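These are my notes on side-chain contacts, written as I looked them up. I begin with charged pairs and then turn to the rings.

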Amino acid sequence: MRMINIICDSQNNEITPLAMKKIKEEGYDIDIWQFGTSDIDKEEKYFEEACRALDGCSLVIIRVHAGLTYFKKFDRLKKRIVEEKVSLIVESEMLQDIEETRQFFKGSKDDYITIRSYIELGGEDNEYNLLRWLLGKNDKIDINFDHPIRKPAQGLYYPKKGIVDSIETDSEKITIAVLFNQIDFVNDNLMHIDSLISCLESKNANVLPVFMTSNPNDITGSVGINGTVNRYLVLNGKTIPDSIILVLPFSQLCMSDPGDGSSRIVKNIFDE
């Protein structure tokens, strides 16, 4: 089986190659070409290399955080993918990206949901089992795999403890919340978060680290930005932290209607 995996710079670039390596060592024939969106955008040679890899490819997975808008050569690549009759799945925090590219997946509805479940739930185990599932489907072989494993979509985190129910704070100190991506928690990509927490605590601050995903999602159980903030950072109608540090792909949060992060805006003022 051959597939192409395209990721944005902020994602862990080792998970898919490591899962492929493990499956190869188990004696299976699997070939995955991985590219970064910024590499493809910056260097035409990487775009052409990705296009050549489409020969004999069964699936292209594109995973972006902030949306396909930031993948400048996506439309050109999509055209080549369609011409080569290769299936495409896009994972994005922008629902519109997912809806508009759904038509380019050639498998069944159930297969589409299965693949997206593995991808959205994330983590090393889900990536490994996704590749085993795809190998069985594509090469029509009998291979064992585990179904997608759901991990918490949001929660309070503390170094060396993992998920915690609460964090004690000292009323004499300022309180700083740190919001970071759930995928970093799932992939145990936490060195930078732990370092930030340690630094803030050394400055005599309470720290409330919270991992989250941006949008509500039935597959992952995410309550979105609005739900996460209200659940962990608001008590009796009052905001708990004095300040919030965002370790996220975006620099601002909008917590008032419209656009509070709990649902997609349908009305377009430019249509009026």
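I first looked up R2 and D31, whose side chains meet in a salt bridge at 3.1 Å, N to O (a side-chain nitrogen of Lys or Arg within 4 Å of a carboxyl oxygen of Asp or Glu). The pair links distant parts of the chain, with R2 in strand β1 (residues 2–7) and D31 in strand β2 (residues 31–36), 29 residues apart; helices (H or I, at least four residues) and strands (E, at least two) are DSSP runs, numbered from the N terminus. I noted that R2 is partly exposed, with a relative accessible area of 22%, and that D31 is partly exposed at 25% (buried means under 20% relative accessible area, exposed over 50%, partly exposed in between, with a 1.4 Å probe and protein chains only).

I keep in mind that this is a predicted model, in which local features need pLDDT of at least 70 and side-chain atom pairs count only at pLDDT 80 or more, while totals for chains, interfaces and linings use all residues. Residues are numbered from 1 along each chain as its sequence is written, and side-chain values use heavy atoms, with hydrogens and water left out.

Searching the whole structure, I found eleven salt bridges. One of them joins E127 and R63 at 2.7 Å, N to O; E127 lies in helix α7 (residues 124–139) and R63 in strand β3 (residues 59–63), so the pair ties together parts that are 64 residues apart in sequence. I recorded both E127 and R63 as buried.

Another salt bridge is formed by the side chains of E91 and R116, at 3.6 Å, N to O. This pair links strand β4 (residues 87–91), which holds E91, with helix α6 (residues 109–121), which holds R116, 25 residues apart.

Next I turned to the rings, and counted seven aromatic pairs (rings of Phe, Tyr and Trp, the last by its six-membered ring, with centres within 6.5 Å; planes under 30 degrees apart count as stacked, over 60 as edge-to-face and the rest as tilted). The rings of Y157 and F180 have their centres 5.8 Å apart and their planes at 75 degrees, so the pair is edge-to-face. Both Y157 and F180 are buried. I then looked up Y157 with F185, where the centres are 6.2 Å apart and the planes at 70 degrees, so this pair is edge-to-face as well. Finally, I noted that Y157, F180, F185 and F211 form one aromatic cluster.
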